[in-house]
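Open the model in your viewer and keep the sequence panel beside it.

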Number of protein chains: 2
Amino acid sequence: MVQYSVHLDRAFAALSDPTRRGILSRLGRGDASISDLASSFDMTLTGMKKHVQVLEEAGLVTTEKVGRVRTCRLGPERLAPEVAWMRSYAEMVEARFNWLERFLERTKGETS
Amino acid sequence: MVQYSVHLDRAFAALSDPTRRGILSRLGRGDASISDLASSFDMTLTGMKKHVQVLEEAGLVTTEKVGRVRTCRLGPERLAPEVAWMRSYAEMVEARFNWLERFLERTKGETS
């Protein structure tokens, strides 16, 4: 459970930045080197490496270095636990609002 | 688009903390005061106020002060844009992996 929580923490934190979401979209269209990504996002190599590292730690991206080139691709983690968390949250919210509606419906006669 | 991006940034950042996810689950079962929440999560009032403020800025929680008590409830934002972003990401990832599979299938004869 703690492991699961740390996993969610990292993934949501990784997704909280527009450049990192952009990198994921870019990698969805094909693998890319760090320098490809840096130039696509008009960013320094150092800045891009930091973003890629955050994505890598969250399991969203994997990288492989061959010679001097580090290639990035989408990682093994495909946001399944995050989607599951959001789905259960949405169900809970819906249940809560349904309960409120039923409560208001039930008590309508009492106030009018 | 920029507005949408800032919105996603805030919501994902708000969700990147286990206490804040816990607060949302707690509020899904019913409204609660800041001090109820602080005691449920074994936290100081000041610490809890900070978490609630992050959730409020992301639109996930609303608060109302009546007298000395500030009551928290689930906010107007029900994670719809985040779910939409994740859904389109999942579709993109699936398309990418399907393409890879088809590519591998197509080129199998060429290498064997």
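A residue is called buried here when its relative accessible area is under 20%, and exposed when that value is over 50%. Keep in mind throughout that this is a predicted model.

**Stop 1: chain A**

Select chain A and colour by secondary structure. Chain A has 112 residues, and 41% of them count as buried. Among its contacts with a separation of 6 or more, 48% join residues 24 or more positions apart. Switch to a surface view: chain A exposes about 6700 Å², with 53% supplied by carbon and sulfur atoms.

**Stop 2: both chains**

Superposing chain A on chain B takes a rotation of 180 degrees with 0.0 Å of shift along the axis, and the RMSD is 0.0 Å. That relation is the one a two-fold axis gives. The two copies use the same surface, since 100% of the contact residues of chain A recur in chain B.

**Stop 3: the interface**

Select the residues of each chain in contact with the other: 30 in chain A and 30 in chain B. The area buried between the two chains is about 2800 Å², and carbon and sulfur atoms give 68% of it.

How many salt bridges are there between chain A and chain B? The count is 2. To see one of them, show the side chains of Asp9(A) and Arg21(B), which meet at 2.9 Å, N to O. Across the interface, 4 residue pairs are in polar contact.

Next, highlight α1 (2-15), α2 (18-28) and α5 (80-111) of chain A; each supplies at least two residues of the side that touches chain B. Of the elements on that side, α5(A) gives the most, with 9 residues.

**Stop 4: α2 of chain A**

Zoom in on α2(A). Of its 11 residues, 9 are buried, so α2(A) is largely enclosed by the rest of the structure. Select the buried ones: Thr19(A), Arg20(A), Arg21(A), Gly22(A), Ile23(A), Leu24(A), Arg26(A), Leu27(A) and Gly28(A).

Which residue caps the N-terminal end of α2(A)? Select Asp17(A): one of its side-chain oxygens lies 2.8 Å from the backbone nitrogen of Thr19(A). Then move past the other end of the helix, where α2(A) is followed by Gly30(A), with a positive phi near 155 degrees.

Technical notes:
Residues numbered from 1 in each chain as written. Chains lettered and ligands numbered in written order. Predicted model: local features only at pLDDT ≥ 70, side-chain atom pairs only at ≥ 80, totals over all residues. Heavy atoms only, no water. Buried < 20%, exposed > 50% of the residue type's maximum accessible area, 1.4 Å probe, protein only. Contact = heavy atoms within 4.5 Å. Areas by Shrake-Rupley, 256 points an atom, 1.4 Å probe, with all protein chains shown as cover. Least-squares fit on C-alpha atoms with pLDDT ≥ 70 in both. Buried area = accessible area lost by both parts, 1.4 Å probe. Salt bridge = Lys/Arg side-chain N within 4 Å of Asp/Glu carboxyl O. Polar contact = N/O pair within 3.5 Å; in protein donor to acceptor, adjacent residues only side chain to side chain. Helix = DSSP H or I, 4+ residues; strand = E, 2+ residues; numbered from the N terminus.
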